[in-house]
Amino acid sequence: MTRTYTAWKQLADENVDARVFSGIHTRSADEAGIRLGTNVARYVLQNAGRLLAPR
């Protein structure tokens with residue numbers, strides 16, 4: 001089966017459900033991980049020039 005998503009959130013929500021239903025993680029842990037990943041990505045994108053500049 002091929003899955004198709006039009007937004008990252010759809011994929012993330014489905015992944016959280018699968019991990020919770022299979023007993024791998026709690027929903028709150030996965031949702032916290034998604035928030036953390038989003039915040040890290042936002043920070044990197046906002047600071048890419050400074051983070052990647054040669055020193």
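Predicted model: local features only at pLDDT ≥ 70, side-chain atom pairs only at ≥ 80, totals over all residues.
Me: By about how many helical turns are Asp 13 and Lys 9 separated in helix α1?

Reply: Residues are numbered from 1 along each chain as its sequence is written, and side-chain values use heavy atoms, leaving out hydrogens and water. Helices (H or I, at least four residues) and strands (E, at least two) are DSSP runs, numbered from the N terminus. Asp 13 and Lys 9 are four residues apart in helix α1, so the separation is about one helical turn.

Me: How far apart are the closest N and O atoms of Asp 13 and Lys 9?

Reply: A salt bridge is a side-chain nitrogen of Lys or Arg within 4 Å of a carboxyl oxygen of Asp or Glu. Side chains of opposite charge can pair when their charged atoms come close. Asp 13 and Lys 9 form such a bridge, and their closest N and O atoms are apart by 2.8 Å.

Me: Is Lys 9 buried or exposed?

Reply: Buried means under 20% relative accessible area, exposed over 50%, and partly exposed in between (1.4 Å probe, protein chains only). Asp 13, at 35%, counts as partly exposed. Lys 9 has a relative accessible area of 55%, so the class of Lys 9 is exposed.

Me: Which residue meets Glu 14 in a salt bridge?

Reply: The N to O distance of this bridge is 2.6 Å, and the partner of Glu 14 is Arg 3. Glu 14 lies in helix α1 and the partner in the segment before α1, so the pair ties together parts eleven residues apart in sequence. Glu 14 is partly exposed at 33%.

Me: In which helix is Arg 27, the salt-bridge partner of Asp 17?

Reply: The side chains of Asp 17 and Arg 27 meet at 2.9 Å, N to O. This pair links distant parts of the chain, ten residues apart: Asp 17 is in helix α1, and Arg 27 is in helix α2.

Me: How far does helix α1 reach from its first C-alpha to its last?

Reply: The expected span of a helix is 1.5 Å times one less than its number of residues. Helix α1 covers residues 8-21, which is 14 residues, and 20 Å is expected. Its reach is close to that value, at 20 Å.

Me: Which element gives the largest share of the nonpolar patch?

Reply: Patches are made of residues with over 30% relative accessible area and no salt bridge, where like charges are joined within 9 Å and nonpolar side chains (Val, Leu, Ile, Met, Phe, Trp, Tyr) within 5 Å. The patch covers about 580 Å² (Shrake-Rupley method with a 1.4 Å probe; for residues, only the protein chains shown count as cover), and Leu 36 and Tyr 43 are among its residues. Both α2 (27-46) and α3 (48-52) give two or more residues. The largest share, four residues, comes from α2.

Me: What is the radius of gyration of the protein?

Reply: The elements run α-α-α from the N terminus on. The radius is taken over C-alpha atoms, and the globule rule is 2.2 Å times the number of residues to the power 0.38. For 55 residues the rule gives 10 Å, and the protein is well over that, so it is more spread out than a compact globule, with a radius of 15 Å.
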